[in-house]
Amino acid sequence: MKILVAVKRVVDHAVRVRVRPDGSGVETENVRMSMNPFDKNAVEAAVQLGEAGHADEIVVVSIGPRQSNDVILTALAMGAHRGILIEADGRVETLAVAKLLRAVVDEEKPDLVLLGKQAVDDDSNQVGQMLAGLLDWPQATFASEIKVVGGGLEVTREVDYGRATIGVALPAIVTADLRLNTPRNAALPMVMKARSKPLAVRPVAEFGIDVAPRLKVEKVSPPAERPGGRKLGSVDELAAAIKSELSELEAL
Ligand code: AMP
């Protein structure tokens, strides 16, 4: 089968994000960026399907500024075969991302599209579901296990009440959860090899899709500071502290 994987460049999950002083968003200048963590699970799943003989071509696609090349190169180093960068500056909202991905699906005709369950920058959790809707394909979101069974997939999903296993006919959309696998760190030779793999850079305008934002960000503000902790000397002191906090709450 042919697999398309969507990968987004986001602020590295280990970076403590800072809100811009003017409240217009999160600071991304001079901040370490990397592949959205769930997208790494999606790439790893694709590569493992390839290693198991179920996938013969893995194409990765990213929508974003020119620097998003980096996350495509990471995916190519992990084992993907080919990359597509849809170059777009500024914020591209989830519906526009889903429409662009649909255009790539129409061109590439993959049997499976793998995405992360959500991008950790805006926590939307929408693109996979929207893409499934636009294509009218079945979707299996929050996947923690993917098995190829007959001509389709058996996907185990992480849900509130536990784990649900569903059968999905191909072509399908699957979004990856963290427990799906442990993404590999590409060895240096693979990183070097990635640079010689095909990577097409295409301006967003080429797709003729309206990517103008529908939403206006009014204001972004950091979470309220948490009061510092304190160390208590004994269980009795702890009990007394809890009692006094509770009576303060009751008095409110
Ligand atoms: P979201 O719905 O924005 O939380 O994103 C869900 C998933 O859609 C991500 O984990 C990516 O796999 C994919 N995705 C979102 N934005 C982009 C983008 N700009 N480029 C490529 N893939 C994206």
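Analyst: We may begin with Asp136, which is placed in the loop between H4 and strand E7 (139–149). Please keep in mind throughout that the model is predicted.

User: What is the value of phi at Asp136?

Analyst: Phi of Asp136 is near 60°, which is a positive value in a residue other than glycine.

User: Is Asp136 buried or exposed?

Analyst: The reading rests on relative accessible area, where exposed means over 50% and buried means under 20%. Asp136 has a relative accessible area of 70%, so it is exposed.

User: Which loop holds Asn125, and what is its phi?

Analyst: Asn125 lies in the loop between E6 and H4. Its phi is positive, about 60°, although Asn125 is not a glycine.

User: Which residues are closest to the ligand?

Analyst: The ligand is surrounded by 19 residues, and the closest are Asp39, Ala119, Asn125, Gln126 and Val127.

User: Which elements give two or more residues to the shell around the ligand?

Analyst: They are strand E4 (57–64), helix H3 (94–108) and strand E6 (112–116). E4 provides the largest share of the shell, 3 residues. Sorted by class, the shell has 8 nonpolar, 8 polar and 3 charged residues.

User: Which residues of H3 are buried, and what covers them?

Analyst: The buried residues of H3 include Ala96, Val97, Leu100, Leu101, Val104 and Glu108. Their cover includes strand E1 (2–6), E4, strand E5 (82–87), E6 and helix H4 (127–135). After H3 comes Lys109, whose phi is positive, near 50°.

User: Where is Asp12, and is it buried or exposed?

Analyst: Asp12 is in the loop between strand E2 (9–11) and strand E3 (33–35). Its relative accessibility is 8%, so Asp12 counts as buried.

User: What does the side chain of Asp12 contact?

Analyst: The side chain of Asp12 makes a polar contact with the side chain of Ser34, at 2.7 Å. Leaving aside residues up to four places away in sequence, Asp12 touches Arg32, Met33 and Ser34.

User: Is Tyr161 buried or exposed?

Analyst: Tyr161 has a relative accessible area of 71% and is therefore exposed. Tyr161 is placed in the loop between strand E8 (152–159) and strand E9 (162–169). Its C-alpha atom is separated by 38 Å from that of Asp236, which is 75 residues apart from Tyr161 along the chain.

User: Which peptide bond is cis?

Analyst: Omega is the angle to inspect here. The bond from Leu170 to Pro171 is cis, with omega near 0°. Pro171 is in the loop between E9 and strand E10 (172–176).

User: How many helices and strands are there in the protein chain, and what does it span?

Analyst: The protein chain has 6 helices and 11 strands. Along its principal axes, the C-alpha trace spans about 65 × 45 × 40 Å. Of the 252 residues in the chain, 42% are buried. Among contacts with a separation of 6 or more, 70% come from residues 24 or more positions apart. The accessible surface of the chain comes to about 14,400 Å², and 52% of that belongs to carbon and sulfur atoms.

Notes
Residues numbered from 1 in each chain as written. Predicted model: local features only at pLDDT ≥ 70, side-chain atom pairs only at ≥ 80, totals over all residues. Heavy atoms only, no water. Near = heavy atom within 4 Å. Helix = DSSP H or I, 4+ residues; strand = E, 2+ residues; numbered from the N terminus. Nonpolar A, V, L, I, M, F, W, Y, C, P; charged D, E, K, R; others polar. Buried < 20%, exposed > 50% of the residue type's maximum accessible area, 1.4 Å probe, protein only. Polar contact = N/O pair within 3.5 Å; in protein donor to acceptor, adjacent residues only side chain to side chain. Contact = heavy atoms within 4.5 Å. Areas by Shrake-Rupley, 256 points an atom, 1.4 Å probe, with all protein chains shown as cover.
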